[in-house]
Amino acid sequence: MALIDNLIGATGQWVANSDSKATLASPLAWLRKTGGYAAVNRIIGLSIPFATRNRFSVEELRPGYVKARIRLKGNKNHFGSLYAGAYFLVAEIPGGVLTLFDLGPSYTPILKEMTLQFLQPANSDVTVEFSLSPEEVDKILSEADATGRAKFTLEGQLHDEKGNHVANSIAHYRVRKQGFKAAD
């Protein structure tokens with residue numbers, strides 16, 4: 001576990017120090033950004049192979065923010081639009097990504113409850129964005145450090161490639177601090 005924790009920490013620093021807006025006009029900055037996202041997606045794939053098999057990917061990651069995508073290809077339902085389980089996947093995993101990269105590998109995210117509200121079928125890839133303010137991150141850290149656990153909620157809007165709002169998600173997480181021992 002120490003190796004993966006070190007990998008998460010190093011990758012988090014790499015991504016945090018890269019320019020999320022970098023383009024090919026600045027090839028080294030673009031390479032740093034895309035290489036960082038490739039490393040993040042590789043870590044996710046090692047931890048949750050199901051995510052990679054279903055074409056989940058992190059598109060952007062910076063302190064307090066994550067944008068993720070699920071591909072339509074390979075995730076179609078019986079009438080050709082995005083399968084409901086794919087919506088769930090793209091709405092759930094980013095909470096863990098945000099937790100691991102913002103709080104660190106000493107804090108384990110656990111999904112306690114999630115609801116999805118489907119608004120219309122998605123006939124393309126779907127993206128979702130989540131964010132935690134620095135104050136929210138500090139609150140989660142202080143509560144987990146004091147009690148060994150903390151709760152937080154992420155609400156997201158899922159959009160298709162045309163920008164149509166196709167679903168809403170509400171996910172309730174609990175974070176546990178590894179190795180926590182209550183003071184006597």
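## Basis and burial classes

A residue is called buried under 20% relative accessible area, exposed over 50%, and partly exposed in between (1.4 Å probe, protein chains only). In helix α4, F101 is buried on this scale, with a relative accessible area of 18%. The structure is a predicted model, in which local features need pLDDT of at least 70 and side-chain atom pairs count only at pLDDT 80 or more, whereas totals for chains, interfaces and linings use all residues. Residues are numbered from 1 along each chain as its sequence is written, and side-chain values use heavy atoms, with hydrogens and water left out.

F101 also relates two separated parts of the sequence: V15 is 86 residues away along the chain, yet the C-alpha atoms of F101 and V15 are 9.3 Å apart in space.

## The antiparallel sheet

Helices (H or I, at least four residues) and strands (E, at least two) are DSSP runs, numbered from the N terminus. An open sheet is built from 6 strands in the order β1-β2-β4-β5-β6-β3, and the pairing is antiparallel; two strands pair if DSSP finds at least two bridges between them. At the edges stand β1 (56-62) and β3 (107-118), each of which pairs on one side only. Neighbouring strands in the sheet are turned by 20° against each other on average, direction ignored. For such angles, axes are lines fitted to C-alpha atoms (for helices, over the stretch in contact), and the values run from 0 to 180 degrees between N-to-C directions.

Within this arrangement, β2 (residues 65-70) is joined to β4 (residues 126-131) over 6 bridges in the antiparallel sense. K67 takes part in this pairing, with E129 in β4 as its bridge partner.

## Helices across the sheet

Two helices lie across strands of the sheet. Helix α4 (residues 84-103) lies across β1, β2, β3, β4, β5 (149-160) and β6 (165-177), and its direction is at about 150° to β3. Helix α5 (residues 134-147) lies across β3, β4, β5 and β6, running at about 145° to β5.

T99, which belongs to helix α4, has 1% relative accessibility and counts as buried. Apart from neighbours within four places in sequence, T99 touches G104, Y107, P109, F152 and V175, where contact means heavy atoms within 4.5 Å. S169 is located in strand β6 and is likewise buried, at 2% relative accessibility. With neighbours within four places again left aside, the contacts of S169 are A91, T115, L116, F130, L154, E155, G156 and L158.

## Salt bridges

A salt bridge is counted where a side-chain nitrogen of Lys or Arg lies within 4 Å of a carboxyl oxygen of Asp or Glu; by this rule the model has 7 salt bridges. One of them pairs R69 with E59, whose closest N and O atoms are 3.1 Å apart. R69 is buried, with a relative accessible area of 13%, while E59 is partly exposed at 28% relative accessibility.

E59 also meets R71 in a salt bridge, at 4.0 Å from N to O. Here the link runs from E59 in strand β1 to R71 in the loop between β2 and α4, 12 residues apart. R71 has a relative accessible area of 30% and is therefore partly exposed. A further salt bridge joins the side chains of E60 and R62 at 2.2 Å, N to O. E60 is buried at 12% relative accessibility, whereas R62 is partly exposed at 33%. Through shared partners, salt bridges unite E59, R69, R71, D125 and E161 in one network.

L24, W30 and L31 make up a nonpolar surface patch with about 310 Å² of accessible area together; L31 is located in helix α2 (residues 27-47). Patch members have over 30% relative accessible area and no salt bridge, like charges being joined within 9 Å and nonpolar side chains (Val, Leu, Ile, Met, Phe, Trp, Tyr) within 5 Å. Accessible areas come from the Shrake-Rupley method with a 1.4 Å probe, and for residues only the protein chains shown count as cover.

R55 has a phi near 65°, a positive value in a residue other than glycine. R55 lies in the loop between α3 (49-53) and β1, and is partly exposed with a relative accessible area of 36%.
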